[in-house]
Amino acid sequence: MLERVMQVGEQAELFEIESESTKIGFQANKLKSFEVEETQGMAARAVVEGRLGFAASSDVTAVDQLIDHVVASARLGDEIPLCFPESRPGPEVQIYDAGLAELPPPRLIEMGEEIIEAVLEADESAMVNVDLTRRVRESTLRNSAGAEVVVRKSPLSIMVAVERVRGDDVLALFEYFSTAALDEEYRDFVSRIAEKLRLGRRSATLSSGQMPVLFSPTGAPLLALPLIHGLDGKNVYRGISPMARRAGEPIFDEKLSVLDDPTLDGRPGSSSHDDEGVPRRRKALIDQGRLTGFVYDLKTAALAGTEPTGNGERGLFSPPSPSFSNMVVGAGKTPVEEIIAGIDRGLLVETPLGLGQGNVISGRFSNNLSLAFKIEGGEIVGRVKDVSVAGNIYQDLQDIAAVSVESEWVYGGIRLPYMLLSRLNVVTKG
Amino acid sequence: MRERIDAAVRSSKADYTEIRLEEGESTRVSFRGRDLETADVAIDRGGIARCFVQGGGWGIATFNSLGDLERRVRQAYEGARAVQAEPIELAPVPASEERITVPLSDDFRGVSLADKKSLAQEYNEILLQYDPRIVDTHTTYSDTFSRVTFASSDGTYVEEDRPMVNVAFSAVSREGDNVQRAFEAVSKVAGFGAVQGHHHLAETVAERAVGLLVAPPVQGGRYTVVCNPRMAGVFAHEAFGHLSEADFVYENPQAQEMMVLGRRFGGDILTIADDGSIPGLRGSHRYDDEGTPTGRTDLIKDGILVGRLHSRETAGKMSEHPTGNARATSYRYPPIVRMTNTFIEGGGTSFQEMIAGIELGIYACDAFGGQTALENFSFSAAYGYMIREGELAGLVSDVVLSGNLFVTLQHIDALGDDFQWAEWGHCGKGQGGLPVSMGAPHVRIRDVLIGGE
């Protein structure tokens, strides 16, 4: 197959994926569905007379059409000084766990029941939906430069959605956990959900104004998302990242460090190579507030005249683009309890609404919060509703009051601590 | 193919069995700035078998290889048996047999990839050349043509062609640290002609992106807000529509109490409905993905909650009628309760009358996005204007509406005489982007929380 793509141009690449998964679904506290999924697909890229083309198919028998399509695409493609990489070793990282790959469905069902029980113990009127998915995914990348990279992973993901309705008062949580190693960490994830429900029983009022705002790991993506966009090599090359042309400068508070770390064992975002066969490596992008790098794929690096960083990621139907493997915001020195104890009157942000909406790359944010708590006299006193926070990370992260020792994985591939900003604008109904 | 599908359905030992196959081809041309991101054609084929067993539950198998359908039915059946769920009753629907084709004048499948690229490039050039402060653009052309075949053990067999053609323009402007963007799109169940001739729309996007650079961010606070039809349509879908999906209430007594039919949700002027049977809209199909015929469902009529959206399962459980709202994003997913074309009915107030009495307010236009946590919502307007002393004043940026649904619906006090369907709409519930339409007139809402610094 690769040979056939090679015949049409001077460079060729074939990317194949195969995955199998089993998903157990609970709805309204009860076991509801059992789903098996088999996925196959192939994508080709070819450079024909210097021009790059792309084609994909989930029908692996449609070989002739794929070849026709990639040639047609290359004829119209841009001339790009891109070279598919030669075979080079990448870091060794554990992302396949046979115990997880073969976890029997009855065990998944047990885990789901255990999760629901723990949530109901915190609040018996809660309605809980849980999906547990175990998957084995294998991707094979081969190119005309001789690279052949097989990445096999066994991710387990757990989605928990909780709704609690009392009159017109609704508390909704949507939480996501993932791992590529068979361990007990999901239990901590579940106890944090239970804790949020317990704290959400009491309500509190807060008046608008400037105040200290503490972002929990599930709240901090509000601050991290503009960083992810700003550190994306494509946005830098295009000149729309506010961090473009500022490499080496101190942009943020010394307490802020951001890593791209594909070498972490047991994380679904980790791997030895990216989806273009480039070896991955751990790298600091923001080091104690100073900008030290961006993430690039092959094409963007070629356009920008820089080196690829092993961050080319792709779905089946899209050409690769730059993406973090695991985004890790460095933990700090203060225990979260101590941070809370030091707040006289402020807000704890647990769940922002509308994440990713609006003008994210500018760094400005203004979001309603679906779950937030009032902190008073150094303690969490109750849930605040109808509240929104607004700011601009390029100003607000220049002065971070505290970063916690504790940190958590959220949305699968982002590890975040608690982060305290000492003055942020909070608008409430009260 | 039909024989193979029928044979596979017949081979099932389950109480209910369905198979849905999808075979499609899509084209995409995408420019970022001066660079072509891709001009490509993708082939997508796959299917899903879904079984239900009394005393068991739902079993589902999804796949790409369309070879051995009986094996897929077996996998689904075994899944269904591995589950012990509560008894499920599917509300009955009449068996249908139909082959639905969509006549396209100027079928995009007959247009060359080169011509599609040229069209996207023309639009992209308009954005790029408008002003040097436009630092980035994203212009895409895309089309997709898929044939979906649905067969169930209740005797329904429907084959439907699903064509769609789209163009989307986005421009990013920058001056120092100030970065702004603007977006417009056209999406139609139509041929290539439907996406030609939108040069003026591309220019509007460029103009707005540059205009927003000097627009001050809105001052946070509570305002009277006039939503343009596109913003109001997103509001109807996101803030209210999702609560009227029966899968939210059918197993949750507290939620049923909150959404009890007969409850007053708004003033007499307010009517909100969903209708999957309006020809040519993005959310329209003759049948939903369970083979139920689509139609109009009033959700709020004259301010009172009168209906909700159902699948066969939620309707069966609540002893109501299926409404044709069981939809799936693709063969990767079982159908769940989704909206089709959701709208706020037009009223009698002209735009001028609507803003006339407002001393200090905001005209919120289009939505970058919206998200709700049931009764709480947050919407980012793509752009907005201040309203001062009854007239539109300057452009403002970073307009985010947030609030509580129940309170906000009660605060709707005027509906425009200018109903419109948006040209673009996606719903992200559970399974990611499913085409929907949203419609509304201009809508005036008193006392809305606007975030801001």
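1. Ala56(A) has Ala42(B), a residue of β2(B), standing opposite. The strands concerned, β3(A) and β2(B), pair in the parallel sense over two bridges; two strands count as paired if DSSP finds at least two bridges between them. Helices (H or I, at least four residues) and strands (E, at least two) are DSSP runs, numbered from the N terminus. Strands of a sheet pair through backbone hydrogen bonds, either parallel or antiparallel.

2. On the source: this is a predicted model, in which local features need pLDDT of at least 70 and side-chain atom pairs count only at pLDDT 80 or more, while totals for chains, interfaces and linings use all residues. Residues are numbered from 1 along each chain as its sequence is written, and chains are lettered from A and ligands numbered from 1 in the order in which they are written.

3. The contact between the chains takes 64 residues from chain A and 67 residues from chain B. Two residues are in contact if their C-beta atoms, placed from the backbone, lie within 7 Å. On the chain A side, the elements that each supply at least two residues include β2, β3, α2 (63–76), β16 (364–376) and β20 (414–428). The largest share of that side comes from β2(A), with 12 residues. By class, the side of chain A that touches chain B divides into 25 nonpolar, 25 polar and 14 charged residues. Here Ala, Val, Leu, Ile, Met, Phe, Trp, Tyr, Cys and Pro count as nonpolar, Asp, Glu, Lys and Arg as charged, and the others, Gly among them, as polar.

4. The domain assignment of chain A gives domain 1 (2–197) and domain 2 (202–430); domain bounds come from an automatic or database domain assignment. The C-alpha centres of these two domains of chain A lie 23 Å apart. In chain A, 35 residues of domain 1 are in contact with 31 residues of domain 2. β7(A) gives the most to the domain 1 side of this contact, with five residues. That side of domain 1 of chain A has 23 nonpolar, eight polar and four charged residues.

5. Chain B is assigned domain 1 (2–213) and domain 2 (221–450). The C-alpha centres of domain 1 and domain 2 of chain B lie 23 Å apart. Contact between them involves 33 residues of domain 1 of chain B and 27 residues of domain 2 of chain B. Elements of chain B that each supply at least two residues of the domain 1 side include β1 (16–32), β5 (134–152) and α4 (199–213). The most comes from β7(B), with six residues. The classes on this side of domain 1 of chain B are 17 nonpolar, nine polar and seven charged residues.

6. Helix α4 of chain A (residues 105–122) has 18 residues and reaches 26 Å from its first C-alpha to its last, close to the 26 Å expected at 1.5 Å a residue; the expected span is 1.5 Å times one less than the number of residues. Buried residues of α4(A) are Leu108(A), Gly112(A), Ile115(A), Ile116(A), Val119(A) and Ala122(A). A residue is buried if 20 or more other C-beta atoms lie within 10 Å of its own, exposed if 12 or fewer, and partly exposed in between, with C-beta atoms placed from the backbone. Seen down the axis of α4(A), the buried residues fall within an arc of 120°, so they line one face of the helix; the arc is that of the directions from the helix axis to the C-beta atoms. The face turned away from the buried side of α4(A) carries the exposed residues Pro106(A), Glu117(A) and Glu121(A). The cover over the buried residues of α4(A) includes β6 (156–166) and α5 (186–199) of chain A.

7. Helix α1 of chain B (residues 2–10) has Ile5(B), Ala8(B) and Val9(B) buried. Down the axis of α1(B), these buried residues fall within an arc of 100°, so they line one face of the helix. They pack against β1, α2 (69–81) and β5 of chain B. Exposed residues on the face of α1(B) turned away from its buried side are Glu3(B), Ala7(B) and Arg10(B).

8. Chain B has an open sheet of six strands in the order β11-β10-β9-β14-β23-β20, with mixed pairing. β11 (304–305) and β20 (420–421) of chain B stand at the edges with a single partner strand each, so one side of each is left without a neighbour in the sheet. Within chain B, β9 (residues 272–275) and β14 (residues 341–344) run antiparallel and are joined by three bridges. Ile272(B) stands opposite Ile344(B) in β14(B).

9. In chain A, β10 (residues 283–287) and β11 (residues 290–291) pair in the antiparallel sense over two bridges. Asp287(A) stands opposite Arg290(A) in β11(A). The hairpin of β10(A) and β11(A) has two residues between the strands, and Gln288(A) takes a positive phi near 50°.
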